[in-house]
Amino acid sequence: MPLTKNEIRSLLNDIENERVERTISTDNTTKISEAICSFANDIRDTKKPGYFIVGANDDGTLDGMKFSDRDLREYAGLRNTGNILPPPAMMVYKEVFEDGEVAIIEVQPSEDTPVRYKGTIWIRIGARKAEANTEEERILTEKGQAHSSSFDGRPCREATIDDLDIELFKTEYLPKAVSAKALSKDHRTIIQQMASLRLFDTRYNCPTYAGILLLAHNPQYFIPGAYIQYVKFAGTTRATKVIKENKFTGNLVSMLKELEYFIKYSIENKRPEFVSVLREEPRINYPWEAIRELAMNAVMHRAYNGNNSPIKFYEYSNRIEIDNPGNLYGKVNIENFPNETDYRNPNIAEIMANLGYVNRFGSGVNTVSSLLEENQSSPAKFLLGDYTTFKVVVANADAIESSGNLLNNKSTIVVNETGTGYNSGTIGTMRNDDWNDWNDERNNVEHSGDISELVLEQMRLNKRISVKQLSKMFGKSKTTMFRVIEQLKSEGKVKRIGSEKSGNWEVI
């Protein structure tokens, strides 16, 4: 809960201490970020929030400042810049007094300690900030191990230090995760260094799952589904010929490099498009940066625990589908996606930020939307009807050009199991007819009288799709659709789980 006016006045009248810092500097983002980091680390384990108050002098008097909504958004945005890792929980709000306004940045103690700002650990020692020394870093590391709740922070107790590539850690990851100044004074063992980065658990003397994914010689031995399956099909369904296959395995350092290179040089195709006698413009099927962003987000947000299914990266003649285990997580739901951010794998998110594959947290969908719009592509479609998986579909711009524009609006559409959609620019609704029109156009491209494979595809996309929706989608009567489904059941390709009203389809 935000502080009341009386509580703020009390903090202003008190001396600065380990939970309060004041400033009249409105644009010193380094000072503010260091304070956020120090409050999040909560070295004394007070379990109480810290407050950075902008607009107050050292003696607690107000400086007569005013703060706009844009100012508050900029302060809140410091959490997601990728400089403070892992991102702490914080609120930003303002309070108005007769003698001026104050902006309050309230920071909750983090359980995933130590928290770093640009590779340096900051803590509060009374009324001042300081860089953590070796002993203080050890305390924060052990506190983080004791409170770790995410799967990637848990110990992988069947693994040992010998399962990790130590040289890779020293040469590839450590210099990117810790500032050069801090490393120059660091005389700890490799295990202690990995533990401070949540890659090793000293309580059980074993790597964490984040350490396994980042550094293991064979991560898939411990997490079988931690790979990406790429398949390219000749047509628009899985029943068509497979043109190319690839399996991206190994640790994150090598796998992400290989994946980025593959997307850049194997997915994006350019061809000249006639504009006039004197001018041609390049036509791109998929802007590679958009596909890269979606693939990296799949790696970062997928559910690694209890799921042996890989990330599916399927390329069809008219679209790309990326399907990863685990749907929206934590505070994120269909109503607030993509404007809310939460992290199933905070340590993996930190790793990918340090390696340079994530520039700013929470901006992936908007980045993809902008890149597709610049390429004159249709918006990406996020299919959220199945709670076990997160699927995104990106249309091939060349296929769209030849068969007609699939969607006219230039914003990302989120589709749930009933066809209700949300526009990421201004939240709105996409009518069921719009969704069906898109599918009808795609089905017309098939030039096939047999719709059974297409029905199976829709059932894979939405396990709760109704016969009524299918009949409307394909322009068939409900009787015909029942006959198609019964044929699929008799062939053992699909079965119904649960009742006709509340059950779902299982494609075999």
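Within helix 4 (residues 134-147), Arg-138 and Glu-142 are placed four residues apart, about one turn of the helix. In this predicted model, the two residues form a salt bridge whose closest N and O atoms are 2.9 Å apart. Arg-138 is partly exposed, with a relative accessible area of 36%, and Glu-142 is likewise partly exposed, at 36%.

A second salt bridge is formed by Glu-172 and Lys-257, with 3.6 Å between the closest N and O atoms. Because Glu-172 belongs to helix 5 (residues 166-177) and Lys-257 to helix 10 (residues 252-267), this pair ties together parts that are 85 residues apart in sequence. Glu-172 is partly exposed, with a relative accessible area of 23%, and Lys-257 is also partly exposed, at 42%.

Glu-260 pairs with Arg-292 in a further salt bridge, the closest N and O atoms being 2.6 Å apart. This pair links distant parts of the chain, since Glu-260 sits in helix 10 and Arg-292 in helix 11 (residues 288-301), 32 residues apart. Glu-260 counts as partly exposed at 23% relative accessibility, whereas Arg-292, with a relative accessible area of 12%, is buried, because buried means under 20%.

Salt bridges that share partners also join Arg-319, Glu-321, Asp-323, Lys-391 and Glu-457 into one network.

| Salt bridge | Closest N and O atoms |
|---|---|
| Arg-138 and Glu-142 | 2.9 Å |
| Glu-172 and Lys-257 | 3.6 Å |
| Glu-260 and Arg-292 | 2.6 Å |

Definitions and conventions. Residues are numbered from 1 along each chain as its sequence is written. This is a predicted model: local features need pLDDT of at least 70, side-chain atom pairs count only at pLDDT 80 or more; totals for chains, interfaces and linings use all residues. Side-chain values use heavy atoms; hydrogens and water are left out. A salt bridge is a side-chain nitrogen of Lys or Arg within 4 Å of a carboxyl oxygen of Asp or Glu. Helices (H or I, at least four residues) and strands (E, at least two) are DSSP runs, numbered from the N terminus. Buried means under 20% relative accessible area, exposed over 50%, partly exposed in between (1.4 Å probe, protein chains only).
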